[in-house]
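Hi everyone, thanks for coming.

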Amino acid sequence: MHAIGIDIGGTKIAGAVVDDFGAMVRSERVPTPAGDPASLEDAVVAMIHSLSAGQEITAVGVAAAGFIDAAQSTVYYAPNINWRNEPFREKLEARVGTTVVVDNDANAAGWAEFRYGAGRMVSDMAMLTIGTGVGGAIVAGDRLFRGGFGAGAELGHLRVVPDGLACGCGQRGCLEQYGSGRALLRMANEIADAGGIGQALARVRDENGSLDGRSVGALIEIEDPGAVAALRQLGHWLGQAAASLSAVLDPQRFVFGGGVAVAGELLLGPVREAYLEHLPARGYHPEPDFVIAELENDAGVVGAADLARVWVAEHA
C-alpha cells in the first residue's frame, strides 16, 4: 500500500511515495512559497499529482510545523505560514480526490522513528528534535500522543527555568531556550567571550564575523574543548527535561534528532548524566535508552505517509 508523504518546511516542501516498509519509491522537492498560503496550497497539490502519476495511492499525509487539531484536519496556527484555523485537509481533498491527513511535523518525524528507525522494538518512546528550536513527539502504548485538542507533545515548551529566558511562545524559561541549536550558539559565544577553552571559538568567530551551527559543529567534531563544553551545557538541560518527562511518561527510549544530534555520544553522554542526576527515585526507577535518530531528513516525509496509511486502516 503506497502512500504519499509531504513535509512542508520553512524553505522547502519535500514529498515522496512511501511503501509499507518506509522506503521512498519516488521523491521531489520544491521551494516553499511561505508568504502566500494560496501558492503553497497550489505547490502541494501539484506535488501530489506529480508523485501519484502511475501509482496507486492509498492516502496522502501532510506534515507541517504548528498546532494541528486532533482530527488531523485543521491547522490552528503555523509559525512560518500565514495559517490561522486553516481547513487544510478539506481544501486538499477537494482538489486531489484522495484521503488526506494533516499532522505536526515533529509528530510525523517521531512516528517514522518509532515505526522504521531508532524507536523500533519499544512501545513507549519520546523524541526530541534539536534544531533551531526543540520539537517533540511522544508514542505511548504504540500510539502517537496528540492530546485532547491535538496540540500536545510540544516538548520544547516544557519550562525548565522559572522566569528564565524569553521564548517565542510568549513564556519564559522554555526548554527551547536552553536545549536548541540557537541555545548552543549562545552558549558557545559566552564561552568564546570568557577566553581559556573558548579560544578556538573566539578565533573562528573573528575569522567569520560570527559563530554559526556549521562552524560550532566542526569544532565539536574535532572535540575542541570550548565547543564540547557548550554541547555539555546543552546536554545538561536536555537530560534534566528528560528526567521530568520520565516522571510523567515513563518512556522506554529517548530518541534525539535534528542537526545537533549528529554529535552522537558527545551529546548523549551529558544527557544521561543530567538525567540520572535529576531522575526521581533514582536507583529504583527503570532507566530508558538514549539513542540518536536514524532517518534524519527523511523522517517527516516517511512519517506523514505512514500516518495517512494508519488513518485509512483505522477508518476503513
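**Salt bridges and cysteines**

Let's start with Arg95, which is partly exposed, with a relative accessible area of 37%. On that scale, buried means under 20% relative accessible area, exposed means over 50%, and partly exposed is in between, using a 1.4 Å probe and protein chains only.

Before going further, a word on what you're looking at: this is a predicted model, where local features need pLDDT of at least 70 and side-chain atom pairs count only at pLDDT 80 or more, while totals for chains, interfaces and linings use all residues. Residues are numbered from 1 along each chain as its sequence is written, and side-chain values use heavy atoms, with hydrogens and water left out.

Back to Arg95, then. Which partners does Arg95 meet in a salt bridge? One is Glu41, with the closest N and O atoms 3.0 Å apart. This pair links distant parts of the chain, as Arg95 sits in helix H2 (residues 88-96) and Glu41 in helix H1 (residues 37-52), 54 residues apart. Asp42 is another partner, at 2.8 Å from N to O. Here too distant parts of the chain are linked, with Asp42 in helix H1 and Arg95 in helix H2, 53 residues apart.

For the cut-offs: a salt bridge is a side-chain nitrogen of Lys or Arg within 4 Å of a carboxyl oxygen of Asp or Glu. The helices are DSSP runs of H or I, at least four residues long, numbered from the N terminus.

Over the whole structure, the search finds 16 salt bridges. Among them is the pair Glu176 and Arg182, at 3.4 Å from N to O. Glu176 is buried, with a relative accessible area of 13%, and Arg182 is partly exposed, at 46%. There is also a network of salt bridges that links Asp20, Arg115, Asp306 and Arg309.

Now for the cysteines. How many disulfides does a search of the whole structure find? The count is 0, where a disulfide is a pair of cysteine sulfur atoms within 2.5 Å. Cys169 is in no disulfide, and its nearest cysteine sulfur belongs to Cys174. Cys174 is buried, with a relative accessible area of 1%, while Cys169 is partly exposed, at 39%.

Methods. Helix = DSSP H or I, 4+ residues; strand = E, 2+ residues; numbered from the N terminus.
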